[in-house]
Amino acid sequence: MRFYKVQILYESEGYSVVKWFTNRAEAELEFRKHQGEEDTQTFEVQEYDIPTKKTELLRWLNIYGNPDGMGFN
């Protein structure tokens, strides 16, 4: 299953937001929406091929998951 991630860092606030999408066009639109905002850093769209079988999904989560939330690797 393919997903696309956009990560937006709000530098003065000290936090970031991660948004997931099922198609690249929507992810690119979100990226462009925030790109160039003052005091904001927007990271390029990243593509993830997430497995659907339980064992493979668990392995994927152990690599890409994080106690602070999904999307930080």
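1. At 40% relative accessibility, Glu47 counts as partly exposed, a class lying between buried (under 20% relative accessible area) and exposed (over 50%), computed with a 1.4 Å probe on protein chains only. The model is predicted: local features need pLDDT of at least 70 and side-chain atom pairs count only at pLDDT 80 or more, while totals for chains, interfaces and linings use all residues. Residues are numbered from 1 along each chain as its sequence is written, and side-chain values use heavy atoms, with hydrogens and water left out.

2. Glu47 forms a salt bridge with Arg2, with the closest N and O atoms 3.4 Å apart; the term denotes a side-chain nitrogen of Lys or Arg within 4 Å of a carboxyl oxygen of Asp or Glu. This pair links distant parts of the chain, since Glu47 is in strand 4 (residues 46-49) and Arg2 in strand 1, 45 residues apart. Helices (H or I, at least four residues) and strands (E, at least two) are DSSP runs, numbered from the N terminus. Arg2 is partly exposed, at 43% relative accessibility.

3. The side chains of Arg24 and Glu47 also meet in a salt bridge, at 3.2 Å from N to O. Arg24 lies in helix 1 and Glu47 in strand 4, so this pair ties together parts that are 23 residues apart in sequence. Arg24 is partly exposed, with a relative accessible area of 34%.

4. A further salt bridge joins Arg24 to Glu28, where the closest N and O atoms are 3.4 Å apart. Both residues lie in helix 1, four residues apart, about one turn of the helix. Glu28 is partly exposed at 23% relative accessibility. Through shared partners, salt bridges join Arg2, Arg24, Glu28 and Glu47 into one network. The count of salt bridges comes to five.

5. The largest nonpolar core has eight residues: Tyr4, Val6, Ile8, Tyr10, Phe21, Ala27, Phe31 and Val45. Strand 1 (2-10) and helix 1 (24-34) are the elements that give two or more residues to this core, and strand 1 supplies the largest share, four residues. Such a core is a set of buried Ala, Val, Leu, Ile, Met, Phe, Trp, Tyr and Cys residues joined through side-chain atoms within 4.5 Å.

6. Thr42, found in strand 3 (residues 40-42), is buried, with a relative accessible area of 16%. Leaving aside neighbours within four places in sequence, Thr42 is in contact (heavy atoms within 4.5 Å) with Val6, Gln7, Ile8, Phe31, His34 and Gln35. A polar atom of the Thr42 side chain lies 3.4 Å from the backbone oxygen of His34.

Conventions. Polar contact = N/O pair within 3.5 Å; in protein donor to acceptor, adjacent residues only side chain to side chain.
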